[in-house]
Amino acid sequence: MDTVEKLKILSADSQYDLACACGTTKTGHRKRGLDGKWLYPVALPGGGQTILLKTLLSNACSGGCKYCPLRAKTDIRRCTLAPDEVARVFMQYYERRMAFGLFLSSGIMGSADATMDRINAAARILRYGYGFKGYIHLKVIPGASDAAIEDSLSLATAVSLNIETPGKKHSDRISAGKDYLTDIIRPIRLMGGLTARGRRYQRVKCTTQFIVGASDETDYEIVGSMYSLYGEMNFKRVYFSAYQRGLGEPDIPGEMKPFAPRKNDALVREHRLYQADFLCRKYGFKKDDILFGPDGNLSMDKDPKEVWADNHPEFFPVRLNTATKEALLKVPGLGPDTAQKIIEARGFGKIRRIEELGVKGKRLARIKAYAVPE
Ligand code: SF4
């Protein structure tokens, strides 16, 4: 197999990992760009956008994660890129101004550290062989040693380790062979600690991903873990990937539960989790402000901000001319940019009509349902 043929397979197999992409819309973060294969337009965890060459080093894997189409048992075409092959092909795209960064993950080749050695070797060739100073996102393999993780942090702009499930119970059910506490939580804590403010690798961003719906986890469990990842473990972004039915073993909950009553329910659930994530990161919502139904899940019909508003009638209407920024951010339809605009506009006189904010249509109607000028 030549490099391009391998890249076609390995890039396609990297599609399930969304830990480098941004997901404010239901499907936006799954978009591919340019050649439609391995060049992905993505939002960076620290802001801004770029185009990444996104690939696995190898889709051979000794792992047995029951939800993953790459698990050792499946009969798929396997191949592996050598570290220098990845570096060379990336530089060819970079020099043609077609890719500006690299996202490199891999199945487990033998052991976690043997795989990390090869991932880190590719990054080392780029940094020290080609003098590449741009964006490199490296995947940390579950179970990697502290030394291998530190090596990644010394080479990367961003690193990710996918937590996949909110807790050991779910992990044991769908990730055969992985020890949740030793292989996943221990490295996540180490990554967060070494990249904390004032620490040696504070410039490196840590991200992770949940696979949503492979087990019977609730949104309550996922959102609780998400708040811990941001608050206690210093992670910069949490991503969510809806489990795609048909890819895993028949005995996992995601395969066994009855078909969703509505088409695309899995993607709506993923979208609601992204909305909860935004409320946490950008709107100052505390963990207890995210409300769940009796089944422990977010509403499929309303976004979590509207659910909070409808459960707190005493808080409304919010008065645009006097409310704090925190209160403005509780109004459905008002985002951080508009809230800032309102505060700045108040310095020049009173807001007399909500229309002055320049919003229209359904969004205007939503704001009017919860806010008044005076
Ligand atoms: S370790 Fe698990 S999730 Fe990762 S590639 Fe292997 S089987 Fe898939």
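This is a short walk through the structure shown above, going from the overall layout to a few local details.

Please keep in mind that what we have here is a predicted model, and that the mean pLDDT of the protein chain is 91, with 91% of its residues reaching 70 or more. There is a stretch I would read with care, namely residues 22-26, where pLDDT stays under 50 and for which the model has 11 contacts beyond four places in sequence.

As for the layout, the domain assignment divides the protein chain into domain 1, covering 3-303, and domain 2, covering 312-372. If we take the centres of domain 1 and domain 2 over their C-alpha atoms, they are separated by 36 Å.

Let me turn to the ligand. Which residues surround the ligand? The shell consists of Cys61, Gly63, Cys65 and Cys68, then Leu70 and Arg71, and finally Gly107 and Ile108. Sorted by class, the residues of this shell come out as five nonpolar, two polar and one charged.

Next, a pair of helices. Helix α7, residues 219-231, and helix α9, residues 265-282, have axes that come within 11 Å of each other and cross at roughly 35°, and the crossing of α7 and α9 is right-handed. On the α7 side the contact is made by Asp219, Ile222, Val223, Met226, Tyr227 and Tyr230, while α9 contributes Leu273, Ala276, Asp277, Cys280 and Arg281.

Phe316 and Pro317 are joined by a cis peptide bond, with omega at about 0°, and Pro317 itself belongs to the loop that runs between α10, residues 304-310, and β10, residues 318-319. Where does Glu164 lie? Glu164 is in a loop as well, the one between β6, residues 158-160, and α5, residues 168-174.

Technical notes. Residues numbered from 1 in each chain as written. Predicted model: local features only at pLDDT ≥ 70, side-chain atom pairs only at ≥ 80, totals over all residues. Axes fitted to C-alpha atoms, helices over the stretch in contact; angles between N-to-C directions. Helix = DSSP H or I, 4+ residues; strand = E, 2+ residues; numbered from the N terminus. Left-handed = near helix turned anticlockwise from the far one by under 90°. Contact = placed C-beta atoms within 7 Å. Near = placed C-beta within 6 Å. Nonpolar A, V, L, I, M, F, W, Y, C, P; charged D, E, K, R; others polar. pLDDT = per-residue confidence, 0-100. Domains from an automatic or database assignment.
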